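The entries below are kept in the order in which I looked things up.

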Amino acid sequence: MAKSSSLAALGLTAQGGREATITDITVDSRDAGQGTLFAALPGSNVHGASFIGKALAAGASAILTDAEGAEIAAEDLAASDAALIVAQDPRQTLAQTASLWFGAHPATVVAVTGTNGKTSVSTFTRQIWEALGIAGVNLGTTGVEGSWSHPLRHTTPEPITLHRVLAEASANAITHVAMEASSHGLDQCRLDGVHLTAAGFTNFTQDHLDYHETFDAYFDAKMGLFTRVLSPEGVAVVNLDDPKGKEVAKICEERGQEVIGVGASEDARLRLSARRFDATGQDLRFTWQGKPFQTRLDLMGGFQADNVLLAAGLVIAAGAAPSDVFETLDTLTTVRGRMELAATRDNGAAVFVDYAHTPDAVSTALQAMRPHVMGKIVVIVGAGGDRDTTKRPLMGAAAAEHADVVIITDDNPRSEDPAAIRAAVMAGAVQAGEADQIIEVGDRAEAILRGIDMLEVGDALLIAGKGHESGQIVGDSVLPFDDVEQASVAVAALEGRI
Ligand SMILES: CC(=O)N[C@H]1[C@@H](OP(=O)(O)OP(=O)(O)OC[C@H]2O[C@@H](n3ccc(=O)[nH]c3=O)[C@H](O)[C@@H]2O)O[C@H](CO)[C@@H](O)[C@@H]1O[C@H](C)C(=O)N[C@@H](C)C(=O)N[C@H](CCC(=O)O)C(=O)O
Ligand SMILES: Nc1ncnc2c1ncn2[C@@H]1O[C@H](COP(=O)(O)OP(=O)(O)OP(=O)(O)O)[C@@H](O)[C@H]1O
Ligand SMILES: N[C@H](CCC[C@H](N)C(=O)O)C(=O)O
Ligand SMILES: [Mg+2]
């Protein structure tokens with residue numbers, strides 16, 4: 001039977017107390033039909049209210065918008081008998097409505113925010129649950145992954161998609177979800193209808209200033225996870241080693257949330273006490289409420305250990321026994337495209353693919369490689385088009401500061417001139433000027449081939465920026481491109497195997 005609901009059952013009150021039967025919900029007038037609730041949202045390009053007339057013509061039975069939207073579409077609305085719901089923040093109302101429309105979501109949902117590490121932490125959280133025999137998925141940049149999977153367009157999907165996916169996960173017997181809360185998603189209240197058990201904070205550095213404009217606005221958007229979405233009964237798991245960590249913990253404590261501090265900091269409840277790196281990973285010693293534990297991680301880079309401990313904190317916050325959680329840590333495997341060993345030359349030199357696409361991530365990833373690399377480090381770096389332009393020179397500078405050879409290439413140029421993006425990255429690299437060699441190779445496949453060709457015994461290459469991505473966005477086209485695949489093809493060609 002086709003689904004339908006009254007406005008009241010969706011928690012909505014229309015002007016004049018009008019009722020309507022809702023058969024579908026959409027934010028896009030082009031998807032509206034008979035009985036649809038059309039949410040006309042204020043957008044970054046246009047107010048969705050400009051399309052109310054179209055939605056009504058298609059048969060929409062109710063319109064959700066704000067006061068501005070009601071004014072924009074006043075004529076169309078007056079001529080229609082559709083119900084009108086005017087909300088102060090229609091995005092937030094939509095999130096609650098979508099939650100009621102799609103029904104129950106898995107009982108345990110945790111979310112993680114921070115500039116870098118969200119995908120990694122949510123993936124490790126899911127891996128720990130699986131090792132504990134719990135049916136869990138992670139949901140974010142890499143889609144829904146785990147015992148049930150589903151592709152996604154956004155890191156944090158808009159509420160209609162999000163709640164549809166959560167309901168489907170639930171119907172597929174998934175009980176636990178670890179999701180990413182992007183700053184765009186938080187700013188647009190995309191996950192406000194999700195009931196969270198716990199929420200995590202990784203770190204705060206520069207990204208997305210094109211959208212948020214200031215660091216303060218960007219930080220406030222992220223803090224919405226703790227100040228708005230996670231209830232006072234929820235548990236906050238906070239990386240205290242980040243310069244903003246203590247401030248985040250204070251914000252959470254003021255809201256009445258239990259805080260599990262993680263990191264090397266003295267105050268951390270889950271405290272990293274020592275780590276030793278070797279060629280294939282690292283050994284960790286840590287304490288939980290003062291009690292010592294140790295584990296082995298077959299993961300490259302100190303930041304991966306930070307992410308693993310945050311994930312362990314989230315799993316504990318969601319109810320698992322700490323000692324059971326710690327026993328699973330040596331089973332964790334590399335997150336796709338995050339410090340992933342993509343290929344090895346016959347001389348032993350390693351090629352890593354990593355999703356570093358912020359200045360901090362480029363420097364973290366390169367510094368993470370140092371203890372594992374005896375020779376020189378070569379990095380291939382670029383920056384995405386139609387994204388924060390101010391991060392480009394900073395990414396170039398981070399590359400030149402921490403690598404011996406820098407090859408500047410294209411990432412996803414999108415609508416921009418790739419040469420201009422490369423020039424901005426180059427300007428930062430040249431100004432930092434610490435690398436022995438800085439070159440520009442626009443074509444990414446050629447840059448990878450040249451980078452791998454430079455590797456001698458003991459050297460390593462980092463291919464930064466695109467991680468798991470399987471395409472390169474040039475203009476409106478997505479051209480097939482996979483860094484891991486290109487690296488193995490290049491190694492095979494250079495070793496004379498193809
Ligand atoms: C900047 C941004 O986040 N924009 C999102 C936002 O679009 P918008 O509201 O600004 O769109 P708009 O073009 O102004 O249109 C306004 C409204 O009119 C509606 N419309 C438009 C045309 C029409 O014919 N009929 C109609 O009804 C649109 O559906 C929209 O609701 O709401 C849309 C629907 O929910 C999103 O698809 C869209 O994501 C765009 C595509 C996007 O690329 N977002 C990226 C930047 C993003 O969100 N990224 C983060 C990850 C970032 C990270 O951490 O790395 C993510 O969570 O994925
Ligand atoms: N804890 C961390 N601290 C600093 N850098 C990190 C950390 N974790 C990951 N990174 C860097 O950030 C890159 C992206 O990691 P990840 O995909 O987990 O982050 P994300 O926050 O999900 O990114 P996105 O904003 O694209 O969703 C990694 O490839 C690595 O270079
Ligand atoms: N979630 C990030 C991913 C960036 C990945 C990088 N390859 C790029 O295209 O800039 C964004 O959309 O800004
Ligand atoms: Mg992510």
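**Entry 1: conventions.** I note that this is a predicted model, in which local features need pLDDT of at least 70 and side-chain atom pairs count only at pLDDT 80 or more, while totals for chains, interfaces and linings use all residues. Residues are numbered from 1 along each chain as its sequence is written, and chains are lettered from A and ligands numbered from 1 in the order in which they are written.

**Entry 2: ligand 1.** I looked up the residues near ligand 1 (C-beta atom, placed from the backbone, within 6 Å of the molecule). There are 20 of them, and Gly43, Gly48, His154, Glu158 and Ser182 are the closest. Helix α7 (residues 183–187) contributes the most to this shell, three residues; helices here are DSSP runs of H or I with at least four residues, numbered from the N terminus. I sorted the shell by class and found five nonpolar, 12 polar and three charged residues. Ala, Val, Leu, Ile, Met, Phe, Trp, Tyr, Cys and Pro count as nonpolar, Asp, Glu, Lys and Arg as charged, and the others, Gly among them, as polar. Ligand 1 lies between domain 1 (5–88) and domain 2 (104–331), because both give residues to its shell. The domain bounds come from an automatic or database domain assignment.

**Entry 3: ligand 2.** I then turned to ligand 2, which has 23 residues around it, with Gly117, Lys118, Thr119, Ser120 and Ala356 nearest. Helices α5 (118–131), α11 (302–317) and α13 (359–369) each give two or more residues to the shell, and α13 has the largest share, four residues. Domain 2 (104–331) and domain 3 (340–494) each supply at least three residues. By class, the shell holds five nonpolar, 12 polar and six charged residues.

**Entry 4: ligand 3.** Which residues are around ligand 3? I list Thr155, His357, Gly384, Arg387, Asp411, Asn412, Gly465, Lys466 and Glu469. This shell has no nonpolar residues, five polar and four charged.

**Entry 5: a helix pair.** I examined α14 (residues 391–402) and α15 (residues 418–432), whose axes come within 6 Å and cross at roughly 45 degrees. The axes are lines fitted to C-alpha atoms over the stretch in contact, with angles from 0 to 180 degrees between N-to-C directions. Residues in contact (C-beta atoms, placed from the backbone, within 7 Å) include Leu394 and Met395 in α14 and Val425 and Met426 in α15. The residues of this contact divide into 13 nonpolar, three polar and two charged.

Note on methods: Contact = placed C-beta atoms within 7 Å.
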